[in-house]
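Look at the chain from one end to the other before reading on. The paragraphs below take up a few places in turn.

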Amino acid sequence: ITVCTCHPAPQQLVQMGYFPCSPVYPMLAVSLEMLELVSTLFVLAVPNERAWATTITKYLKNHGHEFATRDALQCQFSSALSQYQVLMQLVDGEMGKIIDDAREKTTAMFRALDDEMPVHGQEYANVQMLAGHIQIACDDISHPSTPPP
């Protein structure tokens, strides 16, 4: 990558699908997919960043890639993982607010329609069923189920 003030390295790395280990001068970047995998792994198994980093370091060494120091990957990866997890929590929180706001507006809209145009019989049941589907869809977005292992 070519770094300049108008296109900082972290921005370019994220656009390429990598997360920088430092927000200013990253020496290492980890794929967003790998961070997602490890985050999920550490939810389902005992978190052990050192063992994970040691395993990856040995794997890379066996394939001709070495780090300058023994703990380089563990330190840098740990930094990237914690920053990534904080960022994902912030995004989840903001998305939750957006979904809750949309849910409130939709509910208010249905109440207003109900007040203005009373619906009877089967039509009312259809409107209620539609409102239930919207509620279920919003719940699925804000609280996705964990896929089976």
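Which backbone oxygen lies 2.8 Å from a polar atom of the side chain of threonine 55? In this predicted model, that oxygen belongs to alanine 51. Threonine 55 is part of helix α3, which covers residues 49-62. The relative accessibility of threonine 55 is 52%, and the cut-off for exposed is over 50%, so threonine 55 counts as exposed.

Serine 39 sits in another setting, helix α2, made of residues 32-44. Its relative accessible area is 13%. Buried means under 20%, so serine 39 is classed as buried. What does serine 39 touch, leaving aside its neighbours within four places in sequence? Its contacts are Leu81, Tyr84 and Gln85.

Methionine 16 is in a loop, the one between α1 (9-15) and β1 (18-20). With a relative accessible area of 48%, methionine 16 is partly exposed.

The average pLDDT of the chain is 79, and 76% of the residues score at least 70. Where in the chain is confidence lowest, and where is it highest? The lowest mean, 58, is that of helix α5 (residues 121-142), whereas β1 has the highest, 92. Where pLDDT is low, the predicted coordinates should not be read in detail.

How values were computed
Residues numbered from 1 in each chain as written. Predicted model: local features only at pLDDT ≥ 70, side-chain atom pairs only at ≥ 80, totals over all residues. Heavy atoms only, no water. Helix = DSSP H or I, 4+ residues; strand = E, 2+ residues; numbered from the N terminus. Buried < 20%, exposed > 50% of the residue type's maximum accessible area, 1.4 Å probe, protein only. Contact = heavy atoms within 4.5 Å. Polar contact = N/O pair within 3.5 Å; in protein donor to acceptor, adjacent residues only side chain to side chain. pLDDT = per-residue confidence, 0-100.
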